[in-house]
Each structure stands twice: as structure tokens, then as C-alpha cells.
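Reader: I am new to protein structures and would like to learn how to read one. Could we go through it together, feature by feature?

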Amino acid sequence: LPKAFGRKMRLRLLGSLCLLWSAEAFSLAPRMPRRSWRLRESSLDTEAGASRTELPDSFEDALEEMVESTVSAFQSGVSCMTIEFDSSGGDATYTTLKNSVPLAQGLLVGLVNGLGIMPPPEALAEVNDEEEEKPAPTFDQTVAIYFPDEGAAALARQEWKLVKSKKKKKPADDDEEEEEEDTTPLVPQNVRVKGLPRVVGEELVGPPPIKSSDAALVLLCPRAEDLSAIEKIYQAAQGAATPVVMINPNLIDMGTTGFGYAGRLVRERLIDNFTIVYQLRTTDWGCLTRRFGFPFSAWVIDDSPEGQAAGGYRLLVSRGSRISGTEVEELLAEEEQQSDGEAGGNPFKGLGKFISDFGKL
């Protein structure tokens, strides 16, 4: 986006762009840039002493930062990673899965290139050969991604052009020229796209979820109802020393695990073992950000003249541990109370906020 736009406007447009990308992800299958995804000259490691994580200027910048952070975490030896990328700002028009498909597409391209496991040209030539009787090639190194179900995985394989689509034959009297379909895959061909396996009793149904060729495993939008399968895949990955990346997980909810003792057990067994390597979450009050090697930062909307001059946002807090939305709201409430105290205050304002917050429960 042009630098002429203020940061506030750019971030709001970022949310809209993410929704548009997700809406087109399966229908038009946008092509991700084929690039090396090398770290920038001022690498994340050398900037580890930075005091905050800045806001991205566009969806493309955010996607690049996400890939850089993940590759850097891999190179630093982090084996369990979480990506929290939600720029919808609470807009529920599209599901989390649909919003996350473009992120997964970009991450797969970045991981394969960043980890240096792109298949050689001769292997790609075998995949693109049109002889149907030729067996599917095998790759020395692969990246596996698990969708919540096999239906979503099958659709992704088709739209990412990892499988050949069946061409419809035109009638003989049709004089119109048939346009040649672009069959170039949108993700590297050594990506294995699978649906989560079922759990029967204490065992996963089907072949082992981890192959010896897997250099990394990606779990896309893992859900609380699939917790048994997720934990078994995680245990298999740990046994095989295969790094795992979760994108926008939702492993604790009121209906399945609850937020009490059972939820705490899930955190202890699984969630707390993962490092948030990238975070970008927009809210009605601002944005939470984090890149690997940088602290967690909370930015709030600032409509003051000083805030507008700085791009429409101001840094509220930045620290090494995760910042929750509740903490940000408490800090904002404290600022508001201090401001009211200096101005004389309104004795009914706190009651009004309580009633408003209670109505949101």
C-alpha cells in the first residue's frame, strides 16, 4: 500500500485484503510469489534486542514476515511453532479455515524454499509428464500439511494443482478454440496434503501420519474436537524429531474442552510446548503483533493529532511474554480512569462500562 496512507488506514485495508484473499483462495487459487524467502539484511537474529514488533504495511508484508519468522525459528532449532494470523478484526463473514488457506499456501512455498528442499528439475519434469500410467514420483524430502478433514484436503490438492484435473471433452461441432489450462502447481510438488486421520480407541486409523521424508509438519486450523488426533500426530512428530507448525489453532473451547481443569490439562500437554513465532491479530481497539526474535507488542488506535501523525496507532505495551486482549483492555481502562481523575471524573462511567461489558458475555 502507498506510504501516503497512514498506518491506521493501511492496517484496516490489510484486514480487507486478507478477507479478499481468503475468498479467492479456492475459487481462483491466487499464485504465491516464487521466491527464496531469505531473511532480510537486518536479520531477525541481529534485531533480537529490538524493543517492539512493528505493524506490517500490507498483507503481502505480513505474509513475508510470517514466513521469515517461521524459517528463522526452524534454523534456531525451535521444533514446535504456532502462527496466529487473524486480520479479520472480528468479521465472521468467512471461516477461520477459509481465511487461513492463503497463509498456508504462502508458508508452504516459503518453507520448502527456506529449508532448501525444493525438488530437482528432473523430479518436477516427471510430475508434469502427461503419461497417466507413469507412477507418482517420490521425493527425498517433503513437507506435510494436515487439513481438518479429507474433504478440505482434497479441494486444496485440486485447487493448488497438485493433481491432474479431468478435462471435459468439447462437442465435435464446437469451433471455439479451447484455452490451454495452466497446470503449474501453486505449491511445491513435494508437499503432502492430507486430512486428519480418525482415532478409533487409542490408535490412528490409516498409515502413519509422519513419513521419514517429512522435513516439517503443518497443522492447519486444528480444532478442539480433533484434539485426540492432534495429540497423537504431535507425539509421532516428537518421536520422529519432525518440527511441527500449527496455524490458527483452536484447541480449547467451551463446548468440547471447557476453560477449566480440562482446558488447563490441554495447555500443559500440548499448547504450552509450542512457541508463538508470528502473531498478527486485529481487534476493535487495535492490534497484537509478534515476530520471532522480537517481543510481543500491543498497538492501540490513537485518534489524537500526535497519533494520526504517527500513523494512527500508538504502542501501549511491549514485553517478552504473550499479551492477552483482556490485559490490553485493563490497561486502557486504567488510562481512562487516570484521565477521568485528572478531569474530575464521572462517577457513573465505571458502572456504564460494567453494564456494557456484561452485555457482551
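Predicted model: local features only at pLDDT ≥ 70, side-chain atom pairs only at ≥ 80, totals over all residues.

Reader: Is C221 buried or exposed?

Author: C221 has a relative accessible area of 6%, so it is buried. C80 is also buried, because its relative accessible area is 4%.

Reader: Both of those are cysteines. How many disulfides does the structure hold?

Author: First the general idea: a disulfide is a covalent bond that joins the sulfur atoms of two cysteines. Here the number of disulfides is 0.

Reader: What share of the residues in the protein is buried?

Author: Of the 361 residues, 43% are buried. The protein exposes about 19600 Å², and carbon and sulfur atoms supply 51% of that area.

Reader: Now the overall build, please. How many helices and strands are there?

Author: The protein has 10 helices and 11 strands.

Reader: In what order do the strands of the open sheet lie?

Author: This open sheet has 9 strands, in the order β3-β2-β6-β7-β1-β8-β9-β10-β11, and its pairing is mixed. At the edges are β3 and β11 (313-319), each of which pairs on one side only. From one strand to the next, the twist averages 20°.

Reader: Which helices pack on the sheet?

Author: Among them is helix α5 (residues 150-159), which touches β2 and β3, with its direction at about 150° to that of β3. Another is helix α6 (residues 227-239), touching β1, β2, β6 (214-220) and β7; its direction makes about 165° with that of β6.

Reader: How many bridges join strand β2 to β3, and how do these strands run?

Author: There are 5 bridges between strand β2 (residues 142-147) and β3, and the two run parallel. For one example, V143 has V191 in β3 as its bridge partner. Strand β3 (residues 191-195) is mostly covered, with 4 of its 5 residues buried.

Reader: And what joins strand β1 to strand β7?

Author: Strand β1 (residues 80-86) and strand β7 (residues 244-247) run parallel and are joined by 4 bridges. There, M81 stands opposite V245 in β7.

Reader: My last topic is aromatic rings. How should I read a pair of them?

Author: Look at two values, the distance of the centres and the angle of the planes. In this structure there are 4 aromatic pairs. One of them is F59 with F85: the ring centres are 5.9 Å apart and the planes are at 70°, so the pair is edge-to-face. This pair links distant parts of the chain, since F59 is in helix α2 (residues 59-75) and F85 is in strand β1, 26 residues apart.

Reader: Are F59 and F85 buried or exposed?

Author: F59 is buried, at 0% relative accessibility. F85 is buried too, with a relative accessible area of 3%. Another pair is Y234 with F274, where the centres are 5.6 Å apart and the planes are at 40°, so this pair is tilted. Y234 belongs to helix α6, while F274 sits in the loop between α7 (261-269) and β8 (275-282), 40 residues apart. Y234 is buried, with a relative accessible area of 11%, and F274 is buried at 10%.

Reader: Which residues do ring pairs link into a cluster?

Author: The cluster linked by ring pairs holds F59, F85 and Y278.

Terms used: Residues numbered from 1 in each chain as written. Heavy atoms only, no water. Disulfide = S-S within 2.5 Å. Buried < 20%, exposed > 50% of the residue type's maximum accessible area, 1.4 Å probe, protein only. Pairing = 2+ DSSP bridges. Axes fitted to C-alpha atoms, helices over the stretch in contact; angles between N-to-C directions. Contact = heavy atoms within 4.5 Å. Areas by Shrake-Rupley, 256 points an atom, 1.4 Å probe, with all protein chains shown as cover. Phe/Tyr/Trp six-rings, centres within 6.5 Å; stacked < 30°, edge-to-face > 60°.
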